[in-house]
Number of protein chains: 2
Amino acid sequence: MFKISTKSQYGLRAMIYLANCHKKISSLKSISQKEGISFDYLEKIISKLEKAGLIKAKKGAKGGYFLAKSPKKIKIGEIIRSLEGERGLVKCVTKKGIKCPLEKKCLAKNFWGKIQESLNSISNSITLADLIKK
Amino acid sequence: MFKISTKSQYGLRAMIYLANCHKKISSLKSISQKEGISFDYLEKIISKLEKAGLIKAKKGAKGGYFLAKSPKKIKIGEIIRSLEGERGLVKCVTKKGIKCPLEKKCLAKNFWGKIQESLNSISNSITLADLIKK
DNA sequence: TAAAAACCGACAATTTTAGTCGGTTTTATT
DNA sequence: AATAAAACCGACTAAAATTGTCGGTTTTTA
């Protein structure tokens with residue numbers, strides 16, 4: 001019905017993995033092996049998380065990744081956004097040439113808006129820390 | 001960040017259109033023109049809605065589509081499900097061969113579960129009637 | 001009997017997702 | 001200084017899903 005990409009799923013799992021490591025540095029290899037995620041693909045995901053400032057890297061032998069800040073300070077929404085981009089749930093779709101006649105008061109849009117709000121609200125109120133404490 | 005397919009967007013708009021017609025029969029052509037949606041594509045969407053029992057058709061000249069029941073009785077969730085299928089938000093993804101070591105207590109899964117619940121709850125509590133009354 | 005409509009299945013184009021690969025740079029260790 | 005382990009990077013490819021298109025068949029009204 002609704003669907004979330006493996007990119008986000010992998011990304012969240014990697015973040016949880018790092019959060020459970022308490023600052024200890026982890027190589028991509030170890031994460032990918034423990035989580036059963038393709039090394040090469042995970043690399044691209046991790047790279048986005050890094051660029052978003054959620055994790056940091058140390059290069060060279062014995063290098064690896066670690067969280068850039070405390071799990072308490074990392075909202076799940078940030079993680080997803082950094083992977084999927086900012087695009088909203090819907091962008092109005094109409095055959096080009098035809099302007100949506102309703103535009104300002106589109107009833108469908110109202111509904112999607114509610115869904116969007118709820119998703120934002122949940123994912124911005126839950127932090128990594130919330131997920132790892134039982 | 002999250003995304004909804006145009007299929008669902010078109011489908012919802014078509015349903016709203018029909019709901020606003022109060023039982024009056026509408027041809028596919030008229031819906032597609034008024035909403036600016038490709039005739040051929042809309043046909044496939046409408047067909048799913050029909051098979052799901054949400055709308056009914058009358059064949060032949062002067063034929064067309066109309067809601068199978070009162071807008072009050074049609075949940076938005078039903079509409080979306082009939083178009084997108086029942087598949088959940090996530091299915092556990094792991095390289096095959098590797099069983100997810102956590103399975104029962106996967107922390108990521110907990111989160112997706114919450115999101116899923118919220119989506120279900122919203123879309124099953126709002127009806128077509130709610131959308132069209134202002 | 002002609003036209004308007006729903007109905008149906010096969011196909012095609014486009015986009016997105018998921019993944020691979022080959023290399024470069026950096027750093028710790030020997 | 002040399003080697004190996006790691007991050008880093010961009011180009012490419014493969015597969016899947018989405019978004020359509022098309023040609024025909026059936027049904028019904030006028």
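At roughly what angle do the axes of helix α5 (residues 107-125) of chain A and α1(B) cross? That question is taken up in point 4, after a short tour. A word of care before starting: this is a predicted model.

1. Let's begin with chain A by itself. Chain A holds six helices and two strands, and their order along the sequence is α-α-α-β-β-α-α-α. Of the 134 residues in chain A, 32% are buried. Looking at contacts in chain A with a separation of 6 or more, 65% of them are between residues 24 or more positions apart.

2. You will find A14(A) in helix α1 of chain A. Is A14(A) buried or exposed? A14(A) counts as buried because 25 other C-beta atoms lie within 10 Å, where the cut-off for a buried residue is 20 or more. Setting aside neighbours within four places in sequence, A14(A) has contacts with I31(A), E35(A), L42(A), I45(A) and I46(A). Take I45(A) from that list: A14(A) and I45(A) are 31 residues apart along the chain, and their C-alpha atoms are separated by 9.1 Å.

3. Further along chain A, have a look at helix α4 (residues 76-84) and α5(A). Their axes come within 5 Å and cross at roughly 115°. On the α4(A) side the contact is made by I76(A), G77(A) and I80(A), and on the α5(A) side by N120(A), S123(A) and N124(A). By class, these residues are two nonpolar and four polar, with no charged residue.

4. Now back to the opening question, which takes us from one chain to the other. The axes of α5(A) and α1(B) cross at roughly 130° and come within 9 Å. At that angle α5(A) is oblique to α1(B), because roughly perpendicular covers 65 to 115 degrees and roughly antiparallel means over 145. The crossing of α5(A) past α1(B) is right-handed. L107(A), A108(A) and F111(A) of α5(A) make this contact with Q9(B), L12(B), R13(B) and I16(B) of α1(B). Those residues divide into five nonpolar, one polar and one charged.

5. Stepping back to the whole interface, how many residues of chain B are in contact with chain A? There are 37 residues of chain B in contact with 37 residues of chain A. On the chain B side, α1 (6-19), α4 (76-84), α5 (107-125) and α6 (128-132) each supply at least two residues. The most comes from α5(B), with 10 residues. By class, the side of chain B that touches chain A has 22 nonpolar, seven polar and eight charged residues.

6. DNA strand C has 24 residues around it, and S5(A), T6(A), D40(A), G60(A) and A57(B) come nearest. The surface near DNA strand C takes at least two residues from each of α1 (6-19) and α3 of chain A, and from each of α2 (28-35), α3 and β2 (64-67) of chain B. That surface has six nonpolar, nine polar and nine charged residues.

7. One backbone detail deserves a second look. Most residues other than glycine have a negative phi. H22(A), however, has a positive phi of about 45°, and phi of H22(B) is near 45°. H22(A) sits in the loop between α1 and α2 of chain A, and H22(B) in the loop between α1 and α2 of chain B. With 9 other C-beta atoms within 10 Å, H22(A) is exposed; H22(B) is exposed with 9 such atoms within 10 Å.

8. Last stop: D130(A), in helix α6 (residues 128-132) of chain A. D130(A) has 15 C-beta neighbours inside 10 Å and so counts as partly exposed.

Key: Residues are numbered from 1 along each chain as its sequence is written. Chains are lettered from A and ligands numbered from 1 in the order in which they are written. This is a predicted model: local features need pLDDT of at least 70, side-chain atom pairs count only at pLDDT 80 or more; totals for chains, interfaces and linings use all residues. Two residues are in contact if their C-beta atoms, placed from the backbone, lie within 7 Å. Helices (H or I, at least four residues) and strands (E, at least two) are DSSP runs, numbered from the N terminus. Ala, Val, Leu, Ile, Met, Phe, Trp, Tyr, Cys and Pro count as nonpolar, Asp, Glu, Lys and Arg as charged, and the others, Gly among them, as polar. Axes are lines fitted to C-alpha atoms, for helices over the stretch in contact, and angles run from 0 to 180 degrees between N-to-C directions. Angles under 35 degrees count as roughly parallel, over 145 as roughly antiparallel, 65 to 115 as roughly perpendicular and the rest as oblique. A crossing is left-handed if the near helix is turned anticlockwise from the far one by less than a right angle, and right-handed if clockwise. A residue is buried if 20 or more other C-beta atoms lie within 10 Å of its own, exposed if 12 or fewer, and partly exposed in between; C-beta atoms are placed from the backbone. A residue is near a molecule or strand if its C-beta atom, placed from the backbone, lies within 6 Å of it.
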